Amino acid sequence: MNLTSVTWPVAAEWTKLWSVRSTFWCLTGTVAVTVLSAVALGGSRATDLVRDGVTAARLPATESVVSASTFAQLVMVTLGMLAITSEYATGSIRGTLQAVPIRGRMLAAKALVVAPVMFATGVLAGGLAAVATYLLLSVPVFGGFVTLDAGETVVDLLRLGVFAALVSLTALGVGTALRGAAGALTVMFMLLFGLPLVLLMTGSQVAVEASMRLPMFAGLAFMESADNLTGGPIPYPPGEGLAWLLGWTAAALATGHAVLRRRDA
């Protein structure tokens, strides 16, 4: 195996990614939802502080950005999912597998393109959201509570980028296993949002603990966020949150690879 046999599939996947309009809409949607959600969440928290008569408080802009990832994750997954399901929809997957017959190499090439693109998109979306939140909510009418510290902002944005990359790779694995966009999107919605909420609503301690290990709460833990759905802290450290995220991503990609090897295009 020479270097060219490894790099050209990545170059081909890069070209395919930027040759379709869906890429633009997926990335634009991620940025838009992150910015709008962050401003809305930050405004809601600042308004609550003003209404409660608080005169001195610190509300980091990136805190709202991290919480916004709860909603933005549903858009983040679309690029990873469509990177494979769109090829099954158009039939171009047959040409892809003829050009790169080693299934694992083809899937790895897609992952090596999706991951850095979504990492950069997550960082960009988070940066724009943090700046927008600070500029719009640091005015006196919102109490002047919103702050933007350079050091903690950089760390939070890098973590958001990692989260965006990992959930996108999870979607790539699910899309590879299921082939269809509708099925992959349904599974990702349930995994990222529906199932955690259902488990929380049961009130069972075991169910709640299980929900905290699903990708959404694992991501929030990794990004050192309070659990904005229950109001309490996530009961484990950032390192464990990252481990759970990596575990879900690895499981999804391994499942996708196993199914891909067993069936025809």
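Me: To start, where is R179 found?

Reply: R179 is in the loop between helix 6 (150–178) and helix 7. Helices here are DSSP runs of H or I of at least four residues, numbered from the N terminus, while strands are runs of E of at least two. Before we go on: this is a predicted model, where local features need pLDDT of at least 70, side-chain atom pairs count only at pLDDT 80 or more, and totals for chains, interfaces and linings use all residues. Residues are numbered from 1 along each chain as its sequence is written, and side-chain values use heavy atoms, with hydrogens and water left out.

Me: What makes R179 count as partly exposed?

Reply: Its relative accessibility is 26%. Buried means under 20% relative accessible area, exposed means over 50%, and partly exposed is in between (1.4 Å probe, protein chains only). So R179, at 26%, goes in the partly exposed class.

Me: What is the phi of R179?

Reply: R179 has a positive phi of about 75°, and it is not a glycine. Most residues other than glycine have a negative phi.

Me: Why is T23 called buried?

Reply: T23 is at 3% relative accessibility, so it counts as buried. This residue lies in helix 2 (residues 21–51). Leaving aside residues up to four places away in sequence, T23 touches L17, W18 and L79; contact means heavy atoms within 4.5 Å.

Me: How do you know that S211 is buried?

Reply: Its relative accessibility is 0%, so S211 counts as buried. You'll find S211 in helix 8 (residues 205–211). Not counting residues up to four places away in sequence, S211 touches P196, L199, L200 and F217.

Me: And what makes L200 buried?

Reply: L200 comes in at 16% relative accessibility, and therefore it counts as buried. L200 sits in helix 7 (residues 181–202). Its C-alpha atom is separated by 8.9 Å from that of M212, twelve residues apart along the chain.

Me: Why are helix 3 and helix 5 called roughly antiparallel?

Reply: Helix 3 (residues 61–90) and helix 5 pack at an angle of about 150°, with their axes 9 Å apart. Angles under 35 degrees count as roughly parallel, over 145 as roughly antiparallel, 65 to 115 as roughly perpendicular and the rest as oblique. So helix 3 and helix 5 are roughly antiparallel. Their contact includes M76, L79 and G80 of helix 3 and V117, M118 and G126 of helix 5. By class, that contact has 13 nonpolar, four polar and two charged residues. (Ala, Val, Leu, Ile, Met, Phe, Trp, Tyr, Cys and Pro count as nonpolar, Asp, Glu, Lys and Arg as charged, and the others, Gly among them, as polar.)

Me: What makes helix 5 oblique to helix 10?

Reply: Helix 5 (residues 103–137) and helix 10 (residues 238–262) pack at an angle of about 140°, with their axes 9 Å apart. That angle makes helix 5 oblique to helix 10. In this pair, R103, G104, M106 and L107 in helix 5 meet L253, G256, H257, L260 and R261 in helix 10. The contact residues divide into four nonpolar, three polar and two charged.

How values were computed: Axes fitted to C-alpha atoms, helices over the stretch in contact; angles between N-to-C directions.
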